[in-house]
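Morning, everyone. Please bring the structure up on the screen, and then I'll walk you through it.

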Amino acid sequence: MGNKDIHIDYSKDFDFNSKERFLTYLGDEKIIFVGYKKYDGPITMQFLPSGGIQSVFGYKLIVKVNNGFLEVNELIYNGKLMTSKEFIELKNDVSLVNQVLE
């Protein structure tokens, strides 16, 4: 694992085997993906640009990347390590689905 968080470039293919920490933003809020894997489950038929949050079903944070879908299991938000479930519950006042991460 690297010492520096790498900003995700959603326009490029994602390396699902990477062990790096990836930095992204939800509006002005910094999020760091620390635990993730390739998502191969069901998706909706809506069109989302890369970086779009496809689903939070089953407390899984599913994000569209250039070459598929990323299931984020652990992340850092506001300096705190949390599961996707904790993050989704924390943001219950905001509809995460269809939001586009930068």
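First, a caution. This is a predicted model. Keep that in mind throughout.

Let's start with the fold. The protein chain has 1 helix and 7 strands. What order do they come in along the sequence? The pattern reads β-β-β-β-β-β-β-α.

Now the overall dimensions. Along the principal axes, the C-alpha atoms fill a box of roughly 35 × 30 × 25 Å. The radius of gyration is 12 Å. For 102 residues, a compact globule would have a value near 13 Å, so the chain agrees with that expectation. Of the 102 residues, 40% count as buried. And look at the contacts with a separation of 6 or more: residues 24 or more positions apart account for 53% of them.

Next, the core. In soluble globular proteins, nonpolar side chains tend to be buried together. Here, the largest nonpolar core has 22 residues. Which members touch the most other members? They are Phe14, Phe33, Leu61, Val63, Leu70, Leu75 and Phe87. Several elements give two or more residues to this core: strand 2 (22–26), strand 3 (29–38), strand 5 (61–65), strand 6 (68–77) and helix 1 (84–90). Strand 6 gives the most, with 4 residues.

Take Val63 from that list. Beyond residues up to four places away in sequence, Val63 touches Tyr10, Phe33, Gly51, Gly52, Ile53, Gly68, Phe69, Leu70, Val72 and Leu101. Phe33 and Leu70 are also on the list of residues that touch the most other core members.

Phe69 was among those partners of Val63. Phe69 sits in strand 6. Buried or exposed? At 15% relative accessibility, Phe69 counts as buried, because the cut-off is under 20%. Leaving out neighbours within four places in sequence, its contacts are Phe16, Lys37, Lys38, Tyr39, Ile43, Gln54, Ile62, Val63 and Lys64. How far is Phe69 from Phe87? They are 18 residues apart in sequence and 18 Å apart in space, C-alpha to C-alpha.

The largest pocket has a volume of about 180 Å³. It is lined by 13 residues. Closest to the centre are Tyr39, Pro42, Ser55, Phe57 and Ile62. What is the lining made of, by class? It has 7 nonpolar, 5 polar and 1 charged residues.

Now helix 1. Let's compare two of its residues. Ser84 is found in this helix. At 3% relative accessibility, Ser84 is buried. Beyond four places in sequence, Ser84 is in contact with Tyr59, Leu61, Val72, Asn73, Glu74 and Leu75. Leu90 also lies in helix 1. Its relative accessibility is 45%, so Leu90 counts as partly exposed. With neighbours within four places left aside, Leu90 is in contact with Tyr77 and Met82.

Next, a loop residue. Where is Ser50? Ser50 is in the loop between strand 3 and strand 4 (53–55). With a relative accessible area of 25%, Ser50 is partly exposed. Its contacts, again leaving aside neighbours within four places, are Tyr10, Lys64, Val65, Asn66 and Val100. Now look across to Lys85. Ser50 and Lys85 are 35 residues apart in sequence and 22 Å apart in space, C-alpha to C-alpha.

Last stop: two backbone angles. Asn78 is not a glycine, although its phi is positive, at about 55 degrees. Asn78 lies in the loop between strand 6 and strand 7 (80–83). Its relative accessible area is 65%, and that makes Asn78 exposed. Asn98 also has a positive phi without being a glycine, at about 80 degrees. Where is Asn98? It is in the segment after helix 1. With a relative accessible area of 45%, Asn98 is partly exposed.

To recap briefly. We have 7 strands and 1 helix. There is a largest nonpolar core of 22 residues, to which strand 6 gives the most. And the largest pocket has 13 lining residues. That's my tour. Thank you.

Conventions: Residues numbered from 1 in each chain as written. Predicted model: local features only at pLDDT ≥ 70, side-chain atom pairs only at ≥ 80, totals over all residues. Heavy atoms only, no water. Core = buried A, V, L, I, M, F, W, Y, C linked by side-chain atoms within 4.5 Å. Buried < 20%, exposed > 50% of the residue type's maximum accessible area, 1.4 Å probe, protein only. Contact = heavy atoms within 4.5 Å. 1 Å grid on protein atoms, 1.4 Å probe; cavity = no way out; pocket = protein on both sides within 12 Å on 5 of 7 lines; lining within 4 Å. Points joined across faces, edges and corners; volume = space filled by probe spheres on them. Nonpolar A, V, L, I, M, F, W, Y, C, P; charged D, E, K, R; others polar. Rg over C-alpha atoms; globule rule 2.2 N^0.38 Å.
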